[in-house]
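Welcome to this tour. Open your viewer, keep the selection tool at hand, and follow the stops in order.

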Amino acid sequence: MKKTVSFLLTFFTVVLCFMLPVSATRTGVDWYCAHVKGHVQPTVGRDIAFAEEEGAYFIDRSHTEPDSEDKVLYLTFDAGYENGNVEKILDVLKEQEVPAAFFILGNLVTKNASLVKRMAEEGHTVCNHTVSHKDMSRVSDKELLEELHALESLYETHVGGTLSRFYRPPEGRFSRENLICARENGYITVFWSFAYPDWDNQRQMSADKAKKIIMENVHNGEIMLLHPTSETNAAILRDVIVDLKAQGYRFGTLDELTAQGE
């Protein structure tokens, strides 16, 4: 009798797992960093600490000292569309000779291919933010790869060349399974160690306040996330870069960052 009951429990458990949607069998989490004073590197919560174990990056672990002679910062942007400010951001980067990484969506490729092509031609790394900005923690491995491959195809068709293998989950929403799938298929997941509320074009901070937040939280090895559609970011980026250079920071590339782990 006990064997029969045990068999039935096992059977129904297996059946239930197959019936449940992917989102019910995976634990979705949100990326975040806890900042502390003193320009030291921030920490991440225990619930997301597994990200680094699965090959994701959010900071440069080889550059930790705030007063080091070699201070590096990685400038990254999540770009889904153009509203005039992305071009302004590119103008500043070109003027200041600063490399950046742009995590793009399908909309930007299809509607502003020349802008994306300019990113690549001017030495920036063009990266994968998925084709449609879905919550990746709720999709299967197959759907995740379809999102990544679809953007690669659009890039090849509209821009030419090959999209980089750097990937950032939309809104920083992900699961351990997402990271494993990305890593096993040759993608490198890149989060961030600093971001601020800059994405809502209807609720932009003043230039002075935004710059103060950015400069107060700068740290060696930082991966900075900004949204290039922000009017405030377009207005302050030149001053931010000039001030960072004056403090001894240089701007690295994601290739440099990830080569250290090879």
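Start by selecting Phe174 and Phe191: both are buried, where buried means under 20% relative accessible area, exposed means over 50%, and partly exposed is in between (1.4 Å probe, protein chains only). Their rings form a tilted aromatic pair, 4.7 Å centre to centre with 50° between the planes. For such pairs, the ring centres of Phe, Tyr and Trp (its six-membered ring) lie within 6.5 Å; planes under 30 degrees apart count as stacked, over 60 as edge-to-face and the rest as tilted. Phe174 belongs to strand E6 and Phe191 to the loop between strand E7 (188–189) and helix H9 (207–216), so this pair ties together parts 17 residues apart in sequence.

Now select Phe194 and Tyr196, a stacked pair at 6.4 Å centre to centre and 20° between the planes. Phe194 and Tyr196 are buried. Then widen the selection to Trp31, Phe50, Phe58, Phe174, Phe191 and Trp192, which ring pairs link into a cluster. The count of aromatic pairs is eight.

A word on what you are viewing: this is a predicted model, in which local features need pLDDT of at least 70 and side-chain atom pairs count only at pLDDT 80 or more, while totals for chains, interfaces and linings use all residues. Residues are numbered from 1 along each chain as its sequence is written, and side-chain values use heavy atoms, with hydrogens and water left out.

Zoom out and colour by secondary structure to find eleven helices and nine strands; these are DSSP runs numbered from the N terminus, helices being H or I with at least four residues and strands E with at least two. Of the 262 residues in the protein, 47% are buried.

Which residues have the most contacts inside the largest nonpolar core? Select Leu75, Leu93, Phe102 and Ile104 within that core of 41 residues. Here a nonpolar core is a set of buried Ala, Val, Leu, Ile, Met, Phe, Trp, Tyr and Cys residues joined through side-chain atoms within 4.5 Å. Helix H10 (residues 231–246) gives the most to this core, with six residues. A second, separate core has 25 residues, including Ile48, Tyr57, Leu254 and Leu257.

Centre on Phe102 next. Beyond its neighbours within four places in sequence, its contacts (heavy atoms within 4.5 Å) include Phe77, Ala79, Ile89, Leu93 and Met119.

For the charged stops, there are 16 salt bridges to display, each a side-chain nitrogen of Lys or Arg within 4 Å of a carboxyl oxygen of Asp or Glu. Select Asp78 and Arg168, whose closest N and O atoms are 2.8 Å apart. Asp78 sits in strand E2 and Arg168 in the loop between strand E5 (166–167) and strand E6 (173–174), so the pair ties together parts 90 residues apart in sequence. Both partners, Asp78 and Arg168, are buried.

Move to Glu54 and Arg176, a salt bridge with its closest N and O atoms 2.7 Å apart. Glu54 is in the loop between helix H3 (50–53) and strand E2 (71–79), while Arg176 is in helix H8 (residues 176–184), so parts 122 residues apart in sequence are tied together.
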